[in-house]
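Have your viewer ready and follow along, one selection at a time.

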Amino acid sequence: MTVHPSLQTYADAWTHSIESIAELVSPLAEGEWNGRTPCPNWSVRDIVSHIIGMECEQLGDPRPIHTLPRDLFHVQSEFARYMEMQVDVRRHHTAPEMTSELEYTIIRRSRQLRNETRDPETMVRAPLGKEQTLETALRMRAFDVWVHEQDLRTTLGKPGNLDSPGALVARDILLLGLPKVVAKSAGAPANSAVVLDVHGPLEFMRTVRIDAEGRGSLDVAPSLGPAATLSMDWETYVRLACGRVRPAAVADRIKTEGDQELADAILQHFAVTP
């Protein structure tokens with residue numbers, strides 16, 4: 001049996017990214033696993049632990065019974081606590097233990113995906129005891145793994161795959177959050193438009209149009225008279241939208257035109273991931 005056609009794109013993107021991660025971390029020395037990454041408060045080991053944990057949950061494995069230390073001050077929410085559990089339980093694992101568990105998890109998940117016969121709308125496990133459709137689950141795993149692949153590449157000084165199948169999934173997911181950023185968080189005026197122009201390995205232009213009620217929507221058609229235009233490269237867009245960097249740190253890579261106050265407000269609220 002083959003995976004449902006609507007799931008194949010996400011399965012392919014997930015496979016490409018997670019195999020790239022395995023290739024990146026397999027030669028690392030023990031000390032390199034402690035390297036700090038752009039993902040706030042997580043090391044290389046923490047990111048790989050997170051990926052292993054989330055994939056094991058998709059496989060239906062029980063969550064670890066583990067008490068988090070009280071000094072993890074970055075854990076401020078129930079969602080963060082949920083995510084940290086799979087990470088902290090592996091914090092003392094050695095490099096061989098990490099790579100072998102990652103390899104075994106990839107084998108198990110790949111087999112599961114190859115034999116997947118369920119309808120994309122089938123409800124499956126989601127974080128915090130919730131449920132989501134199989135299609136949403138696989139799309140989010142493809143997105144998450146690609147973003148963390150980029151975290152690891154930044155730390156290890158091995159850039160790449162900015163135009164991979166996972167990058168395309170990430171683009172579409174990150175753009176879904178843009179109307180709320182522009183209309184609600186930044187407070188763009190009614191009946192206005194804001195243009196985002198992204199260049200580099202992935203090139204695209206999108207317009208956020210604000211209606212008379214102040215609601216934002218995404219449009220592929222350009223605006224002739226936008227209130228503001230923001231231009232940046234694809235890597236900078238990802239880092240900002242995923243909360244990996246503050247606008248001031250990449251100001252030299254961003255060009256703004258039009259209403260500067262509005263552009264600044266958009267950039268200050270640009271992150272759309274938890």
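Start by selecting helix H2 (44-58), helix H3 (78-88), strand E2 (131-133), helix H5 (134-156) and helix H6 (165-176): each gives the lining of the largest pocket at least two residues. Helices (H or I, at least four residues) and strands (E, at least two) are DSSP runs, numbered from the N terminus. This is a predicted model, where local features need pLDDT of at least 70 and side-chain atom pairs count only at pLDDT 80 or more, while totals for chains, interfaces and linings use all residues. Residues are numbered from 1 along each chain as its sequence is written, and side-chain values use heavy atoms, leaving out hydrogens and water.

Keep H5 highlighted, as it gives the most to this lining, with 7 residues. By type, the lining residues divide into 20 nonpolar (Ala, Val, Leu, Ile, Met, Phe, Trp, Tyr, Cys and Pro), 10 polar (the others, Gly among them) and 8 charged (Asp, Glu, Lys and Arg).

**Into the aromatic cluster**

Next, select Trp146, Phe204, Trp234, Tyr237 and Phe270, which form one aromatic cluster. Rings of Phe, Tyr and Trp (its six-membered ring) pair if their centres lie within 6.5 Å; planes under 30 degrees apart count as stacked, over 60 as edge-to-face and the rest as tilted. The whole structure holds 5 aromatic pairs. Trp146 and Trp234 are stacked, because their ring centres are 5.9 Å apart and their planes at 25°. Trp146 sits in helix H5 and Trp234 in helix H8 (residues 234-241), 88 residues apart.

Now zoom to Tyr237 and Phe270, an edge-to-face pair with 5.5 Å centre to centre and 80° between the planes.
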